[in-house]
Amino acid sequence: MNKIVVVTGGSRGIGAASVRLAAAAGYSVVFSFLKACNEAVALCTEIERAGGTALAVQADVAVEADVLRLFETADREVGTLTALVNNAGIADLRMRCDEMNAARLTRVFATNVIGSFLCAREAVKRMSTRHGGHGGAIVNVSSAASRLGSPGEFVDYAASKGAIDTFTLGLAKEVATEGIRVNAVRPGIIYTDIHASSGEPGRVDRLKDAVPMRRGGYPEEVAKAILWLLSDEASYTVGSFIDVSGGR
Ligand code: NAP
């Protein structure tokens, strides 16, 4: 059976590293992006030049119609889904809880939590033996923040990742007899643009000395854990978390 994976937020960072590794591992990759059209096109070109298959779809995971279009495009253009990486996620500007407004909270939870639910729903509909599918794997990208709480920075983001942890446990048990394995990775502080987006480009270097390994991580180090969880090597691994956080 062809291996076909949807990676959300595949244009940059951990998502792009996952797209590259998945393509190298023989997956046909469909990935979504929000705004980074040039990066998405460049990544498709890079993968096709290396002999792989990749298709980029502009789709906001927080918008249900976009999620439906993403998965319908994958069905039509590539084939039957076998895997999902729920990677798209955002952190807003650093602030205390007593400064956060409802618009910010709605944006963070809509992208990080509701987006992951909607994408998982579409994947389960296609992969579950209950719905006539042939099984598959889902990896949710949580964060070490779910354990740490991110005080003074973004407790909303950390709480959204706490929701992802609980979602991972519940969904994993719900579909375990339907041929689908659901797991999560919890990255620590990784060198990507997410820190610049939340107003502090140098955040990894500011915090790295508090990491037991005394360094930040790289997107490829997270992607390797994601690819392992997707693979048959992880055939008895369900509802599990891999902390890719240098011991943090
Ligand atoms: P990033 O470099 O900022 O990339 C985020 C990706 O998500 C981009 O491809 C972006 O698309 C996409 N995206 C953002 N909002 C979206 C939306 N509403 N719909 C669809 N796509 C959307 O982030 P990253 O650091 O690689 O983070 C990836 C995941 O890892 C996130 O879930 C994040 O919470 C988690 N994580 C990261 C770290 C870290 O230190 N970097 C640590 C723990 C967990 P565009 O390129 O089009 O904007």
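Me: Which residue has a backbone N or O atom 2.9 Å from a nitrogen atom of the ligand?
Reply: This is a predicted model, in which local features need pLDDT of at least 70, side-chain atom pairs count only at pLDDT 80 or more, and totals for chains, interfaces and linings use all residues. Residues are numbered from 1 along each chain as its sequence is written, and side-chain values use heavy atoms, with hydrogens and water left out. A polar contact is a pair of N or O atoms within 3.5 Å, and the backbone atom that lies 2.9 Å from a ligand nitrogen belongs to Val61.

Me: How far does a polar side-chain atom of His195 lie from an oxygen atom of the ligand?
Reply: An oxygen atom of the ligand also has a backbone N or O atom of Gly188 at 3.3 Å. For the polar side-chain atom of His195, the distance to a ligand oxygen is 3.1 Å.

Me: Which elements give two or more residues to the shell around the ligand?
Reply: Helices here are DSSP runs (H or I, at least four residues), numbered from the N terminus. The elements that contribute two or more residues to this shell are helix H1 (13-24), helix H6 (155-175) and helix H7 (194-197).

Me: How do the residues of the shell around the ligand divide into nonpolar, polar and charged?
Reply: Asp, Glu, Lys and Arg count as charged, while Gly is among those counted as polar. On that basis, the shell around the ligand holds five charged residues, twelve polar and 14 nonpolar.

Conventions
A polar contact is a pair of N or O atoms within 3.5 Å; within protein, one must be able to donate a hydrogen and the other to accept it, and residues adjacent in sequence count only if both atoms are side-chain atoms.
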